[in-house]
Amino acid sequence: MELAFLEISELAEKLRNKEISSVELTKYFLKRIKEYDGASGLNAFLTVTEEEALAQALEADKILASDPHASVLTGIPYAAKDLFSTKGIRTTASSKILDKFVPVFDATAIEKLNTEKAVLLGKTNLDEFAHGSSTETSAYGPSKNPWDVTRIPGGSSGGSAAAVAAGLVPFALATETGGSIRQPASLCGICGWKPTYGRVSRYGVIAMTSSNDSPGTIARSVKDLAITAEILSGHDLKDSTTSVKEIPNYAANLRSDLKGVKIGVPKEYFIPGMQPEVEARIHEAIAKLKELGAEIIEVSLPLTKYGSLVYAIVTPAEISSNLARFDGIRYGHRSKDAKDLLDIYDQSREEGFGDEAKRRILTGAYALSAGYYDAYYLKAQKVRRLLVNEFDEVFKKVDALVCASVPNVAQKIGNAKDNPLFGYIADQLNIPASMAGLPALSIPCGFAKAEDGDAIMPVGLQIIGQQWGEQNVFNIGHAYQTITDWHKKYPKGYGE
Amino acid sequence: MTEKNNTNSYTPVIGLEIHVQLKTKSKMFCDSPNNPDETVPNTNICEVCTAQPGTLPVVNKEAIRLGTLLGLALNCKIASSSKFDRKSYFYPDLPKGYQISQYDKPIAEHGYLDINVDGEVKRVRIRRAHLEEDAGKNVHPEGLGYSLVDYNRAGTPLMEIVTEPDITSAKEARIFLEELRNIVRYIGAGSADMEKGTMRLEPNISVRKPGQQELPNYKVEVKNINSFKFAEAAIEYEVERHIQMLSEGQTPKQVTMGWNEKASQTVEQRSKEEANDYRYFPDPDLPVLNLSDEFVSNLKAALPELPAAKRLRFKEEYALPDEDIQNLVNWKELTEYFEEVVSEIQAWIQADRSKEDLLKLVKMAANWCLQDFSALLNAAKINPSESRVTQENFAELLKHIADAKISVTAAKQVFAQMFEHGGEPDHIIEDLGLTQISDTAAIESAIDSVIQANEKAVLDYKAGQQKSFGFLVGMAMKELKGKGNPAIVNEILKKKLE
């Protein structure tokens, strides 16, 4: 039976038809994790929760047996980026400072999936505290791209992307701050949804940049993303930045044509240095959208180039504050050599944080210091406002924007290591939408040959919507997937 | 502007920073209980107030309401748009590594509080009042090589009130604090108890040289003050210290001092030069706080009578002496009780008595509240509402005194009984046999026998010795077992001796 690369809706049907039980499905994916993951494998999982998963699956089977209206996610295995707090299950944020940390509560997203009786298989690798675009800043080593294990899966949600791409799990929770869902989804040839800021609760997601962080999902199809979006979205009393806005029936509303849909192509997103083959795939995808009935309009977003600069200030500033709680007092790593209070702070943080986290803490603290705050943080927030206004203007003319998710295909592991600016370049096409809090997808749209080798690697199409415009981006992505099969491709060596 | 310095002497310049803990059910940003009386460490805590990774703050609406109310009571302008900021520093009792406070957009600013200093009204301007969360408490077990942290207090709501440096003496500071405490209690915003730490004071003190107009170029902050008495003592101590230094041509160092209550002096804690850079920035987890005009005006309309207005009314309506008024108003619960007794009195007096009678009874009520009742309450360490004496019975007893049914001495006995066991005064008077004798025949016969038995005293009186009259009254009262109506006894005795 071919299960590894089936979509959520297909697996749900098999569960409902009693072709398979959730316990069997869970064991099946756990076996695949054992086979393909681990430190010598993809290194996508940091923690595998076999025992808990089987217990959850057993419970899901009971519900499937008794309730014909059980949720589509009942009994479906998933993985969660190790940034989501999971009660009783180790949660590390890929940092040594939380190496042995076991939370006392579940993140709202986890709670929602628990309610649906989805089955958590484990926690996936990420860049330390989500600081990075390759998983190479993880304290537990990088994850590998299943399309070529010498290459990065992207990041920060690289573990989630690699796990889904290799068929180790049907879908995974991930988070975005500035490309951390779209970029790895693109590099691993799968689908990623970065929600509108405030659509999905951040409660229990270890904070990186509070004003940007958007928990979302990585899955095999846009339809799967829409299914998970319906469940994960919504106002949360524990997160004041979530919206009470109504949640559409994203999946049921999906359509297979794009008649009357206006799609903008921002010329600034075809940047110098972009791989020509990637650019070609994007133009091919745009042609497909036109074929589906969409009206394609060239638009201009001249402030795009400032996105990464704003990000480079706001992000470390908020990080420096959000990481202050990791002080060795209440939880996490405390230095054994500490002799007094100052030592506890200095040495615990020195030993616990990796280079990138330290770099961002220092930069951020500087940007917030008296005398610099106005020049950096405040100014960045003003530019951010301008970016939002510019998007607002363009969305008066179009329903969505399309462009590349990433200007290049996945590069080799190790290349980014000594280049702290790597992420800012890799994510430059993602960051403006993040800074404006907009919803966006990355979906596979073909392959391109890597410029630094012979590998043929996936290319991702980015679809950006206006605030709360999830339905539009899902519709465009889904219509595209009704006439293409890029999302059905999977890497060699992971078949059954 | 601060008052002009016209004097030839050293003039203290004092500004106050006061933290008032707001009486909400739950903490400022989570639903852990806000209970200042909790004694078991780390019981009122949750994942949010201990800053577990991934947790987020959610503003407590009741804290906003109480903060707004307090701002209004201090005549502040309430911000239609306010926000919360993160104030960063490391300390074990600060779980997030930052405190959520308000930096440049406090919920209330530009207010004032008028206080009464020796009969003069003095206005102290309020610069700002903002909401913030409290920290936990570090505990250092004696003789052990480690410290512990109790997070019960972490995240409880505070209102920080900052005055302009308008205060010029320790006494003014104390009066201001008392008045602020009264206001906080009257509007139900908190207990404002310095001993319990639900109100905390940090005065900023400096002294102007004779004739100096501008503000001094230094100030000294004093911490660790936990009573009104210490507040006054600490300020006085500092002022003296500054004057001493200034007169010797020195300028006091800009430092933070701590009040050492055993030594009755301030001790340097840390130098301001090493002050933190708090790296304030707006908390992205909390949306901007928009307070509608309607919300604010509804609260303004709902403000109860504040102490100043109450004092004025007590003077106008009841003509009570200033000191009695002050003492009553300083004890909110006693004032409430007193007013309930007064309304009981009013209920039956309207029918058949004059205004003077009413005022006399009200005065009597105030005296009883402030003397016997207060003494009993203090001894029992309870509030009026917790006592067994109902307002109705209290009024009833006063009525019996006014009607001369019992003597004041006897009434004290009855009141003690009422306080101890409850019950109606009528029954107690009867049980104790304390009904006053106003029957003239009985009194006459008692006086006759006293006159017979005390010939010498009678002669002395007739020879002009006034004090013999008092002696004879005493003897008559003794004969009447203390129950004789003193007015009638006096009257009849006088007549018989003529």
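This is a predicted model: local features need pLDDT of at least 70, side-chain atom pairs count only at pLDDT 80 or more; totals for chains, interfaces and linings use all residues.
**Overall form.** I began with the secondary structure of chain B and found 15 helices and 16 strands. I then asked how its radius of gyration stands against the globule rule. The radius of gyration of chain B is 30 Å, well over the 23 Å that the rule gives for 498 residues, so the chain is more spread out than a compact globule. For the extents, I took the C-alpha trace of chain B along its principal axes, where the spans are about 90 × 55 × 55 Å.

**Burial and contacts.** I looked up burial next: 41% of the 498 residues of chain B count as buried. I also checked sequence separation in chain B; among contacts between residues at least 6 apart in sequence, 70% join residues at least 24 apart.

**Domains.** I noted the division of chain B into domain 1 (11-290), domain 2 (305-432) and domain 3 (440-497). Over C-alpha atoms, the centres of domain 1 and domain 2 of chain B are separated by 37 Å. I recorded 8 residues of domain 1 of chain B in contact with 6 residues of domain 2 of chain B. Which element gives the most to the domain 1 side of this contact? I found that helix H2 (residues 170-186) of chain B does, with 6 residues.

**Contact with chain A.** I turned last to the partner chain. Here 25 residues of chain B are in contact with 34 residues of chain A. I listed the chain B side as 14 nonpolar, 5 polar and 6 charged residues.

How values were computed:
Residues are numbered from 1 along each chain as its sequence is written. Chains are lettered from A and ligands numbered from 1 in the order in which they are written. Domain bounds come from an automatic or database domain assignment. Two residues are in contact if their C-beta atoms, placed from the backbone, lie within 7 Å. Helices (H or I, at least four residues) and strands (E, at least two) are DSSP runs, numbered from the N terminus. Ala, Val, Leu, Ile, Met, Phe, Trp, Tyr, Cys and Pro count as nonpolar, Asp, Glu, Lys and Arg as charged, and the others, Gly among them, as polar. The radius of gyration is taken over C-alpha atoms; the globule rule is 2.2 Å times the number of residues to the power 0.38. A residue is buried if 20 or more other C-beta atoms lie within 10 Å of its own, exposed if 12 or fewer, and partly exposed in between; C-beta atoms are placed from the backbone.
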